[in-house]
Amino acid sequence: LVKCGYTVITASGCDEGIGIFSSKHKEITAVILDLAMPKKSGDLVYDELKKIDPEVKVILASGFRQDERVESALKKGINIFIQKPYTMERLADAVHTLLNDEKDSTE
């Protein structure tokens, strides 16, 4: 994503990511979460981010197929789902779509 011109902030875990988002959410235009993460799932982290910024834009990635867990997360308001493994081009396209308010999509 850096090669595409985006500034990227990484977090080593859920709590760190939520902390970074809490302090920098006005500067952060999109968040990429994984459905399965240690301590908290991506949809639970999304719930925390939404409390900080109700307008947070999120891409959810998962190696799991698009099933009821993914559908439930999308119904919460997560914008885009991308299936792993994905290419850098697919990720860049998803970020572009999200940031340009194009129609939300799932893969």
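**Figure 1. Packing of helix α1 against helix α2.** In this predicted model, helix α1 (residues 14-24) packs against helix α2 (residues 42-52) at an angle of about 15°, and their axes lie 10 Å apart. Helices (H or I, at least four residues) and strands (E, at least two) are DSSP runs, numbered from the N terminus. Axes are lines fitted to C-alpha atoms, for helices over the stretch in contact, and angles run from 0 to 180 degrees between N-to-C directions. The angle makes α1 roughly parallel to α2, a term used for angles under 35 degrees. The crossing of α1 and α2 is right-handed, that is, the near helix is turned clockwise from the far one by less than a right angle.

**Figure 2. Residues at the contact of α1 with α2.** From α1, the contact draws on C14, I18, F21 and S22, and from α2 on V45, E48, L49 and I52; contact means heavy atoms within 4.5 Å. These residues comprise six nonpolar, one polar and one charged. Ala, Val, Leu, Ile, Met, Phe, Trp, Tyr, Cys and Pro count as nonpolar, Asp, Glu, Lys and Arg as charged, and the others, Gly among them, as polar.

**Figure 3. The open sheet.** Three strands with parallel pairing are arranged in the order β1-β2-β3; two strands pair if DSSP finds at least two bridges between them. Strands β1 (31-34) and β3 (80-83) are at the edges with a single partner strand each, so one side of each has no neighbour in the sheet. From one strand to the next, the twist averages 25°. Strand β2 (residues 58-62) runs parallel to β3 and is joined to β3 by four bridges. S62 stands opposite Q83 in β3.

**Figure 4. Backbone geometry in two loops.** The loop between β3 and α4 (88-99) contains P85. The peptide bond from K84 to P85 is cis, with omega near -5°. In the loop between β1 and α2 lies K39. Phi of K39 is near 75°, a positive value in a residue other than glycine.

**Figure 5. The fold as context for the close-ups.** The protein has four helices and three strands, which follow the pattern α-β-α-β-α-β-α along the sequence. Its C-alpha trace spans about 30 × 30 × 25 Å along the principal axes.

**Notes to the figures.** Residues are numbered from 1 along each chain as its sequence is written. In this predicted model, local features need pLDDT of at least 70, side-chain atom pairs count only at pLDDT 80 or more, and totals for chains, interfaces and linings use all residues, while side-chain values use heavy atoms, with hydrogens and water left out.

Definitions and conventions. Parallel < 35°, antiparallel > 145°, perpendicular 65-115°, else oblique.
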